Amino acid sequence: MALKLFNTLTRSVQEFAPLDPQKKKVGMYCCGPTVYDFAHIGNWRTFVFADLVRRTLEFSGYDVQHVMNITDVEDKIIKRVREQKTTLREFTGKFETAFLDDLKALGCREPHQKPRATEHIPEIISLIEKLVARGVAYKAADGSVYFSIEKYRGCGCHYGQLLKLNLDEMRAGERVASDEYEKESVADFALWKARVPDDGDVFWPSPFGEGRPGWHIECSAMSIKALGETFDLHLGGEDLKFPHHEDEIAQSEGATGKPFVKFWLHGAHLLVEGKKMSKSLGNFHTLRDLLEKGHTGREVRYLLLTAHYRETFNFTLDGLSGARTALARIDECVAKLRELAAGNTTANTDTNTLTANFSNALADDLNISAAWGEVFKWVTETNKRIAENSLSAKDAASALAAWEKVDSVLGIGAKAEAEAPAEIVALAEARAEAKKARDFKRADAIRDELKAKGWVVEDTPKGIKLKKM
Ligand SMILES: [Zn+2]
């Protein structure tokens, strides 16, 4: 069944087809983190959604090039660097590492490219130069370079592709310097911000004078460099539709004269305990907070993946407990199948309806609730067959193979591996290093330390395996 997705550009569910004439390669860009703090659970909903899109495409046989930028220079970052009297790299490096650790803990596949904005200043400058040359950008009296919406529209270009904007009320030449603004204040936005004393050491030389890029132009420059002037998929949270994504389209199409992106996908908001997440309400969660409370990345991933991406999702701690119960049901069934299969690998997945039903559900604009429905129907039926003793070793191996195929999209993995905390994984890796260096004394000492912490490490042909004692 062909994959259908809701394209924000056309406001309709459309059949997905890549630009590649061979219909094999897919370019996918997801706006990455602004590394000024730990990402919260609302941010994680978007990244887990992006991971689901990528895994679904890979499951469908596409060769995906997944790009996620790291915004490491932007208004909020500069403010904090100034407040904390640190350097840009030191400040952003810490949060970038934390972000990538969390991404891993949530079972997300690592993007193939993770370009940093500060490492693309020449590309950003050259894109701004193109916009100036085409007459859709200008230098204002404050020394900054702005994008002119009036000139852009004058060329017959369409500003407001992702959502309806009241451009008639807009006053020509009115400017906005900050990276984030309301749609009521549609105005010329900054591409290059002239250096001001508050920027401290954060500035670069440019043909327009010393300064730094605006947030929106960073994504245009990096996505074009990584995926070309026109690419297949651009994802993000719905809060990024305006102004960020609208401005990305304007800058990119204004510079290249070509359509920027074929499919725009937006993930909906998240509420926590029925309310908008806020620090003052005490319902603000980072992944770290949840792990500290004893939840696992796997449980958080499961819960975030239970709702359709276009529906507002209510994240609750009760929901997380429910996730533990649901995962235990799957784990138990899979463990029984492993026992029954007992190394039998002559599986024939074609006889299993799980993968077919599951992929049909996902093909329908990523109908994840229906997909989970198929998984739990399969668990019930499999348990019934096991109880009736009507499952042969070959059947069990076949069922396991189907489950593994489905799990390549769900990404919840096997229990013990998924639940080993980072500290345990680090110890197991240190032991492997010691063994490699033939330092067996140290390797044994680490093995004992792991044992004391309740973990057994096994060396298998596929690498190390961690098991809870
Ligand atoms: Zn972006």
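**A buried serine and the rings around it**

Mentor: At 0% relative accessibility, Ser223 counts as buried, where buried means under 20% relative accessible area, exposed over 50% and partly exposed in between, with a 1.4 Å probe and protein chains only. Keep in mind that this is a predicted model, in which local features need pLDDT of at least 70 and side-chain atom pairs count only at pLDDT 80 or more, while totals for chains, interfaces and linings use all residues. Residues are numbered from 1 along each chain as its sequence is written, and side-chain values use heavy atoms, with hydrogens and water left out.

Trainee: Which residues does Ser223 touch, not counting residues up to four places away in sequence?

Mentor: Ser223 has its place in helix H6 (residues 215-227); helices (H or I, at least four residues) and strands (E, at least two) are DSSP runs, numbered from the N terminus. Contact means heavy atoms within 4.5 Å. With residues up to four places away in sequence left out, the residues that Ser223 touches are Tyr29, Gly228, Phe231 and Phe260.

Trainee: Which residue forms one aromatic cluster with Tyr29, Phe231 and Phe260?

Mentor: Rings of Phe, Tyr and Trp (its six-membered ring) pair if their centres lie within 6.5 Å, and planes under 30 degrees apart count as stacked, over 60 as edge-to-face and the rest as tilted. By this rule the count comes to 20 aromatic pairs. The residue that forms one cluster with Tyr29, Phe231 and Phe260 is Trp264.

Trainee: Why is the pair of Phe38 and Phe95 edge-to-face?

Mentor: Phe38 is in the loop between strand S3 (25-30) and helix H1 (41-59), and Phe95 is in helix H3 (residues 88-105), 57 residues apart, so that the pair links distant parts of the chain. Phe38 counts as partly exposed because its relative accessibility is 35%, whereas Phe95, at 9%, counts as buried. The ring centres of Phe38 and Phe95 lie 5.2 Å apart, and the pair is edge-to-face because the planes stand at 75 degrees.

Trainee: Which element gives the most to the lining of the second largest cavity?

Mentor: A cavity is a set of points, on a 1 Å grid over the protein atoms alone, where a 1.4 Å probe fits but cannot get out, and lining residues have an atom within 4 Å of a point. Grid points are joined across faces, edges and corners, and a volume is the space filled by probe spheres set on the points. The second largest cavity has a volume of about 60 Å³, and its lining includes Cys30, Phe47 and His66. With three residues, the element that gives the most to this lining is H1.

Trainee: What is the volume of the largest cavity?

Mentor: The structure holds two cavities of 30 Å³ or more. The largest cavity is lined by 14 residues, and Phe49, Leu304, Leu305, Ala307 and Tyr309 lie nearest its centre. The volume of the largest cavity is about 110 Å³.

Notes
1 Å grid on protein atoms, 1.4 Å probe; cavity = no way out; pocket = protein on both sides within 12 Å on 5 of 7 lines; lining within 4 Å.
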